[in-house]
Each structure stands twice: as structure tokens, then as C-alpha cells.
Amino acid sequence: MSRFRRLRMRARRIIAWSGATAVAATVLVCGGVGAAITARVGGKAGAPRSATFPQPRLADPEPILQLEDHTCGLLSLSSAYRAYGLSPEAKNLRFRLGVDRTAHPFDAESTGTLHPDLLRVLVQDGFRYHLLNPRRDDAADLLDAHLDSGNLALLLIRRRENGGLHWVLTDRLEQDALRIVDSLREDVYTEPGGEFIRDHVLSVIAVAPDGSRNEAALSDAHADGLAEMNRVRRRLRDRD
């Protein structure tokens, strides 16, 4: 089986389990899926990390090449952290995101970056986030306004090459095209803004430094992440 086909199947399995994840997190199911979710969450929120806050954006993000099938989210976020003057290693991102932990106990390949972990880590590290609906008619304008402020956005996309789900980063417009930082490509590239958002983007997380660490918002971040996973699942279903 090709690497791209494995990526596509893994991404679909993780999104398919998002409904079970939301239910389990809500009703605190014991055993089976609920126990696996508890194990995935356990230990990550309190894991050691540097206390450094993000700075105003210091540089353009650059790709960090992906050598493992399940690390596109980790590497996209790592590129963003470096642009804001943070060390992904000092922030212990890999462990805190839980990319190596399975989302379902009976599927060894249900690994990767999930929205609840991603949003929690952003809040813990002094960022604020805003979830933009890519199906809105003004989605491209809202994203443009965010990027014009000098900040970044994480995009969960459906790759045109194979239909697989994949995290990338965008940081600005270049002649009405989005500049894309992609862990599967050595060089940045551009995509036509409105068309790309409409046809390929499933989730948009607009990110900016907050200058504080709002621990009280962690539960909200987790709930927002679960809700966004379910919205991604519906968007996939609607497109299919």
C-alpha cells in the first residue's frame, strides 16, 4: 500500500472516531473507547514545557520536512512556533500534542494531531485562536484580514493528489494567493485563496499571540476542538 493511501485511510479513521470521542468525553464512558481517550488526554496537559511566551512574529515560517506519516500537525505547529520565537522542543510539543497516542484502542494507526489537543496547547502556550468556517461565503475575506494583521493560520486540508487529510500552515497573501507552508514540500508554494478554501480546506484555526496563559480556558479549548472535529466530519460527508 502506498504512503499516500495510508495517510488518507489514517486521516479518515481519526475523523470517523471523532463522534465517538465527543460522546465519550461528554458522558465519561469507562472502558473501551472512553478509557483510550482518557489515556490520550492523561498526562499531556501537565507535561513539562518552557515558560516562554510567543513574541510578535519574528520571521516567515518555513517547512519542516515530514518523515513520518502522522506528524503533519506537529510540524505545521512547530513551523508556526519558530516564527513566533518559540522552540518546539523546549515546549515539548510532540508529547503534549499526543501525536503518537492512538485515538482508538483497537486501531494502531489512529495517531496524529487532533483539534482538542491542538487548541489546548495553543492556549497553554500563550496564544489565542479563532475557528473560521471555510464554508462561509466570506471565509476568504476573514482569513485575509487575519493574515494581514501579521499572524498565521493552521489549515486542515483535503489533498487534491489523493484525498488525504493533511495539516498545513499559511502566513500571508501573495497577489491574492495563499502562501502555504507544507511539511510534505521542501519549498513554500501558493494556492488561489478563495478557490482553495472552498474546494480543499476543511478547518481553519487562526492563531495570534495573546500575551497571557489562560488556564481557565483549557476546558473551553477542549470542547471547541471536539466540536470542530465533528464539523470536519460533516464537511467531509457533505463533499462525498
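**Ground rules.** I number residues from 1 along each chain as its sequence is written. In this predicted model, local features need pLDDT of at least 70 and side-chain atom pairs count only at pLDDT 80 or more, while totals for chains, interfaces and linings use all residues; side-chain values use heavy atoms, with hydrogens and water left out.

**Entry 1: the sheet.** I looked up the strands (DSSP runs of E, at least two residues, numbered from the N terminus). I found 6 of them in an open sheet, ordered β1-β6-β2-β3-β4-β5, with antiparallel pairing. Two strands pair if DSSP finds at least two bridges between them. β1 (127-132) and β5 (189-192) stand at the edges with a single partner strand each, so one side of each has no neighbour in the sheet. From one strand to the next, the twist averages 35°. Angles run from 0 to 180 degrees between N-to-C directions, with axes fitted to C-alpha atoms, for helices over the stretch in contact.

I then checked β1 against β6 (residues 201-209): they pair over 6 bridges in the antiparallel sense. R128 stands opposite A208 in β6.

**Entry 2: helices on the sheet.** Helices here are DSSP runs of H or I, at least four residues. Contact means heavy atoms within 4.5 Å. Helix α4 (residues 72-83) packs on the sheet and touches β1, β2 (152-158), β3 (165-174) and β4 (177-181). Its direction makes about 30° with that of β3. Helix α9 (residues 218-239) also packs on the sheet, touching β1, β2, β3 and β6, and makes about 150° with β6.

I picked L226 in helix α9. L226 is buried at 9% relative accessible area (buried is under 20%, exposed over 50%, partly exposed in between; 1.4 Å probe, protein chains only).

**Entry 3: salt bridges.** I counted a side-chain nitrogen of Lys or Arg within 4 Å of a carboxyl oxygen of Asp or Glu. The whole structure holds 22 salt bridges.

R49 bridges to D125, with the closest N and O atoms 3.6 Å apart. R49 lies in the loop between α3 (32-41) and α4, and D125 in the loop between α6 (115-124) and β1, so the pair ties together parts 76 residues apart in sequence. R49 is partly exposed at 25%; D125 is buried at 0%.

R231 and E228 meet at 2.7 Å, N to O. They sit 3 residues apart in helix α9, about one helical turn. R231 is partly exposed at 26%, whereas E228 is buried at 2%. Elsewhere, shared partners join R57, D60, E62, D171, R172, E174 and R179 into one salt-bridge network.
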